[in-house]
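Take a look at the model below. Start with the overall outline, then turn to the side chains.

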Amino acid sequence: SSGINAEYGELELERDFHRRKLASLEEILSELSEREGRVRQEKEDCIAKLGELMVTLANTASEHRKRVISANQGLKEVDEALVASHSSCKDRRDKLKSELTVLREEMATKQSKSDLLKKEIEIAKI
């Protein structure tokens with residue numbers, strides 16, 4: 001009977017040991033489940049934040065693209081205006097050169113007439 005009691009005592013000790021080990025493992029499992037829930041929530045939060053950032057980035061890129069297109073259009077208009085202005089200035093310069101040439105010719109003609117009149121006056125004086 002004492003052998004049976006000793007064996008029963010050992011079995012009780014072993015059962016208590018396994019009960020404590022099981023309780024410890026259940027506690028660890030519970031902590032891991034809680035941690036898993038927090039990690040899952042953090043992952044979902046990160047995914048949501050990433051989605052927001054992607055939308056912001058897409059909007060920023062779209063606005064930047066619009067501004068670049070607008071700036072390019074503005075530069076094109078300025079370039080066209082400069083070309084037109086240059087062409088207009090060139091036309092005006094050519095017109096003024098032509099007028100100057102005509103005036104020089106007229107002046108040369110008048111000088112020649114003036115010289116002829118002076119000679120005629122000198123001859124008339126003689």
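**A walk along the model**

Arg19 has a relative accessible area of 45%, so this residue is partly exposed (buried means under 20%, exposed over 50%, partly exposed in between, with a 1.4 Å probe and protein chains only). This is a predicted model: local features need pLDDT of at least 70, side-chain atom pairs count only at pLDDT 80 or more, and totals for chains, interfaces and linings use all residues. Residues are numbered from 1 along each chain as its sequence is written, and side-chain values use heavy atoms, with hydrogens and water left out.

Arg19 has a partner. Asp16 forms a salt bridge with Arg19, and their closest N and O atoms are 3.2 Å apart (a salt bridge is a side-chain nitrogen of Lys or Arg within 4 Å of a carboxyl oxygen of Asp or Glu). Asp16 and Arg19 are 3 residues apart in helix α1, so about one helical turn separates them (helices are DSSP runs of H or I, at least four residues; strands are runs of E, at least two; both are numbered from the N terminus). Asp16 is partly exposed too, at 28% relative accessibility.

Further along, Lys66 and Glu63 join in a salt bridge at 3.7 Å, N to O. They also sit 3 residues apart in helix α1, about one helical turn. Asp94 and Arg93 meet in a salt bridge at 3.4 Å, N to O. The count comes to 5 salt bridges.

Now step back. The protein has 1 helix and 0 strands. Its C-alpha trace spans about 180 × 20 × 10 Å along the principal axes. Buried residues make up 0% of the 126 residues.
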